Structures are given as structure tokens and as C-alpha cells.
Amino acid sequence: MPLFKNLSAYDERSARLAGIALMVLSIFMFSFGDAMGKFLVGTYSVGQLLLLRACAALLLLSPLVWRQRHQFLQLERPGLQLFRVVLSTLEVAAFFLATVYLPLADVITYYLAGPIFVTAMSAIFLGEKVGWRRWTAILIGFCGVLIALRPSAQTVSLPALIALGGSLSFATLMLITRSLRKTPDIVMASSQFVGTFLLGAVLSAFHWVPPTPGSLVIFALAGCVSVTALFCVNRSLKLAPASVVVPYQYSMIVWAVIFGFVVFGDVPEIATIVGAAIIIGAGFYIYLRERDLGRGDADVNPPA
């Protein structure tokens with residue numbers, strides 16, 4: 001990390017390139033962690049995944065939590081902080097539950113619609129002004145969701161609705177995060193893992209499969225990868241403007257397709273690819289508009 005700090009002070013171009021590299025690396029790591037999670041829930045319960053993944057993450061974060069423990073003593077709007085943790089926990093649980101039944105690319109496609117949902121909810125629930133251009137992009141993005149969902153009596157499934165519900169929870173989470181900008185990063189990150197730890201402890205009590213040593217390694221790796229990816233995102237945003245690095249988050253769908261095919265043999269359907277392309281296009285346009293309005297840095301928060 002000192003190297004990147006020196007780069008940001010010494011050479012702006014190098015800092016931007018380092019920021020882009022870290023964002024690309026973080027998205028790869030998030031996708032890798034999602035693939036490991038999908039692999040594990042093929043044998044173990046979602047509760048076990050949440051519990052053991054959170055254990056590894058919290059162990060990795062514990063030195064930072066201890067060093068910055070004073071930041072936990074005076075939190076802004078504690079009720080909203082708790083609601084954020086609950087939403088985050090349910091969102092992660094919904095994500096991995098959906099991957100039990102759906103290809104990874106399908107679940108990621110629904111989650112990429114998060115920024116579109118955020119903009120729509122900002123206008124409806126917060127009264128924020130949204131012009132006709134962004135409303136048009138929102139409607140186009142919803143069309144992309146419908147194309148990917150393929151709604152009909154035969155194709156709409158409970159797992160797809162769970163994934164869509166998780167995406168809406170993720171959007172609400174981003175909206176709440178926007179209003180809690182003063183909360184330190186370590187507080188937000190560690191509290192989310194505490195939430196998944198508690199839910200995992202409750203759920204795994206009802207269904208526990210003794211993990212093999214190899215599986216324990218994957219559980220631990222999944223937790224460590226998620227924490228490392230989060231730090232890469234944060235450092236990326238300190239090295240380069242959000243307008244430079246955020247668009248690279250959409251590469252997540254590429255990794256989802258690759259991991260889905262290589263690890264699970266999933267071949268994405270044409271509807272999923274078309275829907276994802278429309279969602280990415282609409283989301284990218286909304287991001288550019290919000291950046292122009294001075295709000296583009298607010299919604300940087302990769303899924304899962």
C-alpha cells in the first residue's frame with residue numbers, strides 16, 4: 001500500500017493506472033469468491049457458507065478493528081446502521097441461495113441492475129430530481145431485467161425472484177450507504193461480516209454438514225478473498241477518480257460467464273446476454289449522468 005500512496009503523490013497517470021489495475025483485480029476477486037461460494041453451496045448449506053466465510057473475514061479484519069476500535073464508539077444514526085447490516089446480510093444470503101439453482105451469470109445480471117434501482121428509488125422515496133434522460137435509461141434498464149428474467153408462467157422461478165429480491169435489497173443498501181458517508185470503512189465492512197456471521201450461526205444450527213479439510217480451506221479462502229477485494233476497491237478509489245475506475249465493475253459479468261462455464265459447465269442463454277448488455281448500457285449512462293451532476297461517487301459498492 002505505501003507504494004500506491006507514493007504513486008498517487010508522485011505521478012497522477014501512474015496512480016490512475018494503478019487504480020484501474022486494482023479495480024480490475026478486485027472485480028476478479030469478487031467473482032472468484034462468488035464462484036467459490038456457488039461451489040460450496042452445492043454441498044453445504046448457505047448458513048454454513050455465511051458462517052465460515054464470515055469467520056475467516058473477521059479474523060483477517062480483527063487487527064484493523066482493534067486498532068480503530070474507537071471509531072465504533074460514536075456511530076451516526078445507529079438505527080439506520082443496524083438496518084443496513086440487516087439488509088446486507090439478507091442480500092448476501094439471497095445471492096448465494098440463488099446461485100444454488102441458477103447459473104452465476106444470471107444472478108450477477110440481476111445484481112448489475114442495482115444502480116438502476118437506486119436511481120429509481122431515489123426519485124420515488126427520497127424525492128430526488130431525476131430528469132427524463134435518466135428515467136428513460138431506468139425504463140430501458142428494467143426492460144433488460146425483464147429480458148434476462150424471461151417472465152412467463154413457465155420460466156419465472158422462485159430462485160430468479162430471490163435473486164431479483166436480493167438485487168433490490170442491494171440497491172436499498174447502496175441508497176442507505178449514500179446517507180452514511182461519514183461512517184468509517186472498517187465499521188461498514190466489519191459490521192456486514194458480523195451480520196452474516198450471526199445469520200449463518202442461526203441457519204447452520206438446523207443443517208450442518210461436517211466440512212472436510214479441503215472445504216475448510218475454500219471457506220477460509222472465500223472470506224479472505226472478499227476482504228482483500230474490498231480493500232482493493234477502496235484503494236482504487238483513493239488512487240483514481242470514480243469516473244475512471246467504476247465502469248470496470250461491469251467486467252464482473254465477463255468473469256461470471258467464464259467461471260460459470262469453466263467450473264460449472266453453465267452456458268448463458270441469449271436472453272441473459274442481451275439483458276445483461278442492456279442493463280450495463282443503461283447503468284453506465286445513469287452513472288455518467290450522476291457523475292455530471294456531482295453524485296457519481298456515491299454508489300461504488302460491488303455486489304457480494
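**Aromatic pairs in a predicted model**

Being 4 residues apart in helix 12 (residues 252–264), Trp255 and Phe259 are separated by about one helical turn. This is a predicted model, so let's talk through its rings.

Colleague: Happy to start there! Are the rings of Trp255 and Phe259 stacked, edge-to-face or tilted?

Modeller: Their centres are 6.1 Å apart, and a pair needs centres within 6.5 Å. The planes meet at 35°, whereas stacked needs under 30 degrees and edge-to-face over 60. The pair is therefore tilted.

Colleague: Which aromatic cluster holds Trp255 and Phe259?

Modeller: Trp255 is partly exposed at 25% relative accessibility, while Phe259 is buried at 12%. Both belong to one aromatic cluster, whose members are Phe28, Phe32, Trp255 and Phe259.

Colleague: Nice. What about Phe95 and Tyr111: stacked or edge-to-face?

Modeller: Phe95 is in helix 4 (residues 78–101) and Tyr111 in helix 5 (residues 104–111), so this pair links parts 16 residues apart in sequence. The ring centres lie 5.1 Å apart. With the planes at 85°, above the 60-degree cut-off, the pair is edge-to-face.

Colleague: Are Phe95 and Tyr111 buried or exposed?

Modeller: Buried means under 20% relative accessible area. Phe95 has 0% and Tyr111 has 1%, so each one counts as buried.

Colleague: Which ring has the charged end of Lys38 over it?

Modeller: A Lys charge has to be within 6 Å of the ring centre to count. For Lys38 the distance is 5.1 Å, and the ring is that of Phe264.

Technical notes
Residues are numbered from 1 along each chain as its sequence is written. This is a predicted model: local features need pLDDT of at least 70, side-chain atom pairs count only at pLDDT 80 or more; totals for chains, interfaces and linings use all residues. Side-chain values use heavy atoms; hydrogens and water are left out. Rings of Phe, Tyr and Trp (its six-membered ring) pair if their centres lie within 6.5 Å; planes under 30 degrees apart count as stacked, over 60 as edge-to-face and the rest as tilted. Helices (H or I, at least four residues) and strands (E, at least two) are DSSP runs, numbered from the N terminus. Buried means under 20% relative accessible area, exposed over 50%, partly exposed in between (1.4 Å probe, protein chains only). A charge sits over a ring if NZ of Lys or CZ of Arg is within 6 Å of the ring centre and within 35 degrees of the ring normal.
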